[in-house]
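Please find below a colleague's note on the structure shown here.

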Amino acid sequence: MSNARLEVLGLINQHNPITLKQLCEIQGVSMPTMSKLVDELQNEALVIRAQSKDDARQRWIVPTQKGVQTYQSAQKMATEFWTAHLSGLSKNDVKQVEDALQKLLKVLSPS
């Protein structure tokens, strides 16, 4: 699975349910681009589009059980990868990396 689709799947899991417009706003991409990514996730049975009960014009995007499991599995693999590759660092080195990442995230996060 591509990084872009995995990131969108993560957002859908995190914000469940979410609209296509909301996904576009979070990612800063166009509606056609996001629609294509969601279509690909839907074709893989990782998400579904559900009609809103309150507004017939609105469609929610929600993860399927397979989508939740796929995202959790990817997170676990990433954790195992980084744990294995960073295991040679001292506690001080790990702390410095964590601090640097926190600073980077703060700079990159929209206010």
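Does Glu 80 count as buried, partly exposed or exposed? Glu 80 counts as partly exposed, at 44% relative accessibility. The model under discussion is a predicted one.

1. The side chain of Glu 80 meets that of Lys 76 in a salt bridge, at 3.8 Å from N to O. Both residues lie in helix α4, four residues apart, about one turn of the helix. Lys 76 has a relative accessible area of 53% and is therefore exposed.

2. Lys 95 and Asp 99 form a salt bridge in which the closest N and O atoms are 2.9 Å apart. Lys 95 is partly exposed at a relative accessible area of 46%, and Asp 99 is partly exposed at 33%.

3. The structure holds six salt bridges. One of them joins Arg 5 to Glu 44, with 2.3 Å between the closest N and O atoms. The pair links distant parts of the chain, 39 residues apart: Arg 5 is in helix α1, and Glu 44 is in the loop between α3 (31-43) and β1 (47-51). Arg 5 counts as buried because its relative accessibility, 17%, is under 20%. Glu 44 is partly exposed, with a relative accessible area of 29%. Arg 5 and Glu 44 also belong to a network of salt bridges that includes Lys 36 and Glu 40.

4. Surroundings of Lys 66. Lys 66 is placed in helix α4 (residues 65-86) and counts as partly exposed at 46% relative accessibility. Leaving aside residues up to four places away in sequence, Lys 66 touches Glu 44, Ala 45 and Leu 46. A polar atom of the Lys 66 side chain lies 3.0 Å from the backbone oxygen of Glu 44.

5. Surroundings of Thr 19. Thr 19 is found in the loop between α1 (3-15) and α2 (20-27), where it counts as buried at 8% relative accessibility. Not counting residues up to four places away in sequence, Thr 19 touches Gln 58, Arg 59, Trp 60 and Ile 61. From C-alpha to C-alpha, Thr 19 and Lys 66 are 19 Å apart in space, and they are 47 residues apart in sequence.

6. Aromatic pair. The structure holds one aromatic pair. The rings of Phe 81 and Trp 82 have centres 5.0 Å apart and planes at 85 degrees, so their arrangement is edge-to-face. Phe 81 is partly exposed, with a relative accessible area of 41%.

Note on methods
Residues numbered from 1 in each chain as written. Predicted model: local features only at pLDDT ≥ 70, side-chain atom pairs only at ≥ 80, totals over all residues. Heavy atoms only, no water. Helix = DSSP H or I, 4+ residues; strand = E, 2+ residues; numbered from the N terminus. Buried < 20%, exposed > 50% of the residue type's maximum accessible area, 1.4 Å probe, protein only. Contact = heavy atoms within 4.5 Å. Phe/Tyr/Trp six-rings, centres within 6.5 Å; stacked < 30°, edge-to-face > 60°. Polar contact = N/O pair within 3.5 Å; in protein donor to acceptor, adjacent residues only side chain to side chain. Salt bridge = Lys/Arg side-chain N within 4 Å of Asp/Glu carboxyl O.
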